[in-house]
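Let's take a friendly walk through this model, from its overall makeup to one pair of packed elements.

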Amino acid sequence: MTEAINTGPGPHPSPAVLPAVWKLLSLRWQISWNSFRRTRLVRKIFTVIGYLALLGFVGFIFWASWQLLGFLRSPELTQYVGDTRQFVDAVPGLLFTAFFFGILLTSFGVLLQALYLSGDMDFLLAAPVPIRAVFITKLLQAILPNFGLGIAFGLPVLFGLGASRGYNFLYYILVVLMFVLVSLAAAGLAALLVMLVARIFPARRVVEVLGFVGAIFSMICSQTGNLMNSAGDEIDVTNQQVSQTVGLLSRFDSPLNPLSWPAKGLLSLGEGSWLPGLGLSLLSLG
């Protein structure tokens, strides 16, 4: 008995996702570098000046973070709010909450542009790479700038807090890991919201609405700042108002807030409470 041998083309296994993501990111970097090399000298100069200004802004964020840490330790704050340990313990949770919503809001508009209005999506989807690799590459490109700014603001405060209390080395490693995971979770949620909204409304119309809302929000913030500056001499801030504000901010550190779990896990591990620290850290990873 002879067996029939199938010599036709069989299904080819799809390439691995992570190597494809790395290849797409490296190709994006090469395209950007080649575009910079071939551009005019004037544009190169302005590009370098822009990056130097960005580095200066990052340095300012580092300085502002250290100033914030010094303010949290200052006796003036203790005079207003009493014992500041509870408020200082709530600062990591506040940072993770602000970091999450900052990545979520900024990634929404960037991912909307990258996934639906970018000119290279048709080419990437036709390339011999997994679709998931294309999606992950766009996701990383959307969150990397905001992630860098968030790290520049949050790391000095959390590292300084750990150094002032003598936390162990595991605390510093997990701080960076938790920042990465929170940013990926926020960007992933933003991507899901983008796909949901784009199925209902046209992508270009959503971008126009986002631009209008951003302009209105900027104008409101500007006018509010002008009003506060004009009435600065007439505003009398009492100790009770400061205490109420600090108490309101400390509520974000509630155990019912999932964004406070990474912070509580980090503080517990830093203080040597291994069982609750590992439990909250694993819960945050989940």
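## Fold and helix packing

Read along the sequence, the pattern is α-α-α-α-α-α-α-α-α-α-α. That corresponds to 11 helices and zero strands, where helices (H or I, at least four residues) and strands (E, at least two) are DSSP runs numbered from the N terminus. The model is predicted, with local features needing pLDDT of at least 70 and side-chain atom pairs pLDDT 80 or more, while totals for chains, interfaces and linings use all residues. Residues are numbered from 1 along each chain as its sequence is written, and side-chain values use heavy atoms, leaving out hydrogens and water.

Of the 286 residues in the chain, 31% are buried, meaning under 20% relative accessible area with a 1.4 Å probe, protein chains only. Contacts (heavy atoms within 4.5 Å) with a separation of 6 or more come 76% from residues 24 or more positions apart. The chain exposes about 18,700 Å², of which carbon and sulfur atoms supply 69%, by the Shrake-Rupley method with a 1.4 Å probe.

Now to one helix pair:

| Helix | Residues | Residues in the contact |
|---|---|---|
| Helix 7 | 169-198 | Leu-170, Tyr-171, Leu-174, Val-175, Met-178 |
| Helix 10 | 261-270 | Pro-262, Leu-266, Leu-269, Gly-270 |

The axes of helix 7 and helix 10, lines fitted to C-alpha atoms over the stretch in contact, come within 9 Å and cross at roughly 170°. The two helices are therefore roughly antiparallel to each other, a term for angles over 145 degrees. By class, the contact of helix 7 with helix 10 has eight nonpolar, one polar and no charged residues, with Gly counted as polar and Leu, Val, Met, Tyr and Pro among the nonpolar.

How values were computed. Buried means under 20% relative accessible area, exposed over 50%, partly exposed in between (1.4 Å probe, protein chains only). Axes are lines fitted to C-alpha atoms, for helices over the stretch in contact, and angles run from 0 to 180 degrees between N-to-C directions. Angles under 35 degrees count as roughly parallel, over 145 as roughly antiparallel, 65 to 115 as roughly perpendicular and the rest as oblique.
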